[in-house]
Amino acid sequence: MTARRGGPGDDGAADRPRPAGRQTIPTGYTLRRRYRLDAVIARGGMSTVYRATDLVRVRARAADPEVAVKGVDLTGPSRNDAIELIHREARRMRELAHPNIVRVYDSDIDGPFHFIVMELLDGETLAQRLR
């Protein structure tokens with residue numbers, strides 16, 4: 001899943017209700033005292049992607065402190081598999097460098113929340129493009 005900023009023509013995934021068996025990270029929460037979750041961008045089968053602000057980059061006065069954060073939502077028996085999968089995905093994506101692949105900066109844990117930090121890209125989602 002690429003991390004895209006929502007905008008005109010957004011497919012509304014951020015507004016859909018959460019399915020049962022999911023526990024999303026609340027918007028406004030700050031992970032590891034660094035990544036403030038500002039808004040939901042999209043929801044997938046096992047995760048939610050947020051637009052977030054990297055507070056370290058804000059303090060460093062970086063030009064663009066926004067990042068995408070993908071957090072595991074699943075609860076119950078599938079949760080451990082989802083956690084293993086998201087960290088494996090981050091490891092593999094960090095090894096790739098290509099202009100058509102979103103950059104992964106980090107993966108980490110904050111209490112019960114497992115997440116990946118990625119580059120935040122402007123543009124259409126795949127669903128918008130296919131319409």
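Q: Which side chains does lysine 70 or glutamate 89 meet in a salt bridge?
A: Side chains of opposite charge can pair when their charged atoms come close. A salt bridge here is a side-chain nitrogen of Lys or Arg within 4 Å of a carboxyl oxygen of Asp or Glu. In this predicted model, lysine 70 and glutamate 89 meet each other in such a bridge, at 3.1 Å from N to O. Lysine 70 belongs to strand β4 and glutamate 89 to helix α2, so the pair ties together parts that are 19 residues apart in sequence.

Q: Are lysine 70 and glutamate 89 buried or exposed?
A: Buried means under 20% relative accessible area, exposed over 50%, and partly exposed in between, with a 1.4 Å probe and protein chains only. Lysine 70 has 6% relative accessibility and counts as buried. Glutamate 89, at 18%, counts as buried too.

Q: What conventions apply to the numbering and the values?
A: Residues are numbered from 1 along each chain as its sequence is written, and side-chain values use heavy atoms, with hydrogens and water left out. As the model is predicted, local features need pLDDT of at least 70 and side-chain atom pairs count only at pLDDT 80 or more, while totals for chains, interfaces and linings use all residues.

Q: How many salt bridges does a search of the whole structure find?
A: The search finds 7. One of them joins arginine 34 and aspartate 54, at 2.8 Å from N to O. Arginine 34 sits in the loop between β1 and β2, and aspartate 54 in strand β3, so the pair ties together parts that are 20 residues apart in sequence. Arginine 34 is partly exposed at 28%, whereas aspartate 54 is buried at 3%. Another salt bridge links arginine 36 to aspartate 38, with the closest N and O atoms 2.8 Å apart. Arginine 36 is partly exposed, at 32%, and aspartate 38 is partly exposed, at 22%.

Q: In what order do the strands form the sheet?
A: Strands (E, at least two residues) and helices (H or I, at least four) are DSSP runs, numbered from the N terminus. Two strands pair if DSSP finds at least two bridges between them. Here 6 strands form an open sheet with antiparallel pairing, in the order β1-β2-β3-β4-β6-β5. β1 and β5 are at the edges with a single partner strand each, so one side of each is left without a neighbour in the sheet. Strands β4 and β6 are joined by 4 bridges; in one example, glycine 71 has phenylalanine 115 as its bridge partner in β6.

Q: Which strands does helix α2 touch?
A: Contact means heavy atoms within 4.5 Å. Helix α2 (residues 79–94) packs on the sheet and touches β4, β5 and β6.

Q: What is the nearest side chain of opposite charge to aspartate 110?
A: Lys and Arg count as positive and Asp and Glu as negative; His and the chain ends are not counted. For aspartate 110, found in strand β5, that side chain is arginine 32, 5.2 Å away. Aspartate 110 is buried yet has no salt bridge. A polar atom of its side chain does lie 2.6 Å from the backbone nitrogen of arginine 32. Leaving out residues up to four places away in sequence, aspartate 110 touches Tyr29, Thr30, Leu31, Arg32 and Phe115.

Definitions and conventions
Axes fitted to C-alpha atoms, helices over the stretch in contact; angles between N-to-C directions. Polar contact = N/O pair within 3.5 Å; in protein donor to acceptor, adjacent residues only side chain to side chain.
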